[in-house]
Amino acid sequence: MNKKISFIIITLIFSNLSSAHIPTIDSLFRNGNNTNIENKTVVARIYVQEVKRTDAELEDAEVKSSSVKLLMRKNDKERVNFIQVDYRNKSFAPEFINALKVNSNLTSFLKGQLLETKLFYSLLESLLVNSSRSMINTLHEFDKNIKPNKQNINKEQANLLYQYKKYLKAVAEDNADVVNPLVGADSAHQEKIKNILGMNFINDGVKVQRVFQDKKFYLTYKEDDLFLKFDNSTHRLLNLKYETENGSVEFEISNYASFSSNIEFPEQIIFKLPGDKKFEISLKGIQVIEDTDQTYYKRINTYKKSIKSVESQVITELKPQFIL
């Protein structure tokens, strides 16, 4: 009966959500087009390379790059466990391990970091483990109207649906004295119930717009210094731009493709920073593994041992400033 109750409640909620047609920003960054990776660890090998400028005075300048293995695991409380392993070259081989960073809550870990760092890791969290948590937290700093869905739930409708759930449970237990909260005592009460159920379940107050451009529809959001652009049909992020005092910080994303384990990831991400700096972010490999707390922390100890065995070779990398 519990499954039946959940199905009815979910059906009621999503029938109202669908009537809104345009999803919330929180929902868009949950990467719903990707495969479900609940209770699993995603291991991604990421290579970040600075795009060399053609300026004559910078022709011989050494460009920055970084090879990192990211392990992300979303736990039951929606927090993302985070491991980053830095390597000295693109082979990602154990003998070239260079540094290790570990945290049990990526969103909290990013507080106080550079803006570019927050956006970089928030984007990867969204793409790899379908979590909007860090991205919404970061965007909220730019635009206070952007909040998690849970903070914008229609409390009146949620309470009515909760009462209905209790009613269904009582009916299943053969309690004949319960009253169906979705049936009004008179026409006025019934009209009120109808109006409550007809409301959007989530009222975020953020106006995502559907626009027609270059013979295609897109979902866009523009407010003050922030601009977001998504594909209308797939909800894939295509562009994120934020204007700062020193210039714009921007992601240009294209060519989403399905990699191993049916994880969808862009073939090209260009990260633009103030001062005409550009970095290309490439996925060199990805794996989804079944995990437990025990095996997860055992893996951390393995990385620590690998670093200790080559600690005389560890170097200070010339890596982009947004890489932790």
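This section describes the overall build of the protein chain and its nonpolar cores, as seen in a predicted model.

The protein chain comprises 324 residues, of which 44% are buried, and its secondary structure amounts to eight helices and eleven strands. The C-alpha trace extends over about 80 × 50 × 35 Å along its principal axes. Among contacts in the protein chain with a separation of 6 or more, 59% are made by residues 24 or more positions apart.

In soluble globular proteins, nonpolar side chains tend to be buried together. In the present model, the largest nonpolar core contains 54 residues, and those with the most contacts inside this core are Ile25, Phe29, Ile46 and Leu139. The element that gives the most to this core is helix 4, spanning residues 115-129, with eight residues. When neighbours within four places in sequence are set aside, the contacts of Ile46 include Ser66, Ser67, Val68 and Leu70, together with Phe92 and Leu124; Ile46 is also in contact with Phe265, Ile281, Ser282 and Leu283.

With regard to charge, the protein chain carries 46 positive and 41 negative side chains, and a distance of 5 Å lies between the centres of the two sets.

How values were computed:
Residues numbered from 1 in each chain as written. Predicted model: local features only at pLDDT ≥ 70, side-chain atom pairs only at ≥ 80, totals over all residues. Heavy atoms only, no water. Core = buried A, V, L, I, M, F, W, Y, C linked by side-chain atoms within 4.5 Å. Buried < 20%, exposed > 50% of the residue type's maximum accessible area, 1.4 Å probe, protein only. Helix = DSSP H or I, 4+ residues; strand = E, 2+ residues; numbered from the N terminus. Contact = heavy atoms within 4.5 Å. Lys, Arg positive; Asp, Glu negative; His and termini not counted. Charge placed at Lys NZ, Arg CZ, Asp CG, Glu CD.
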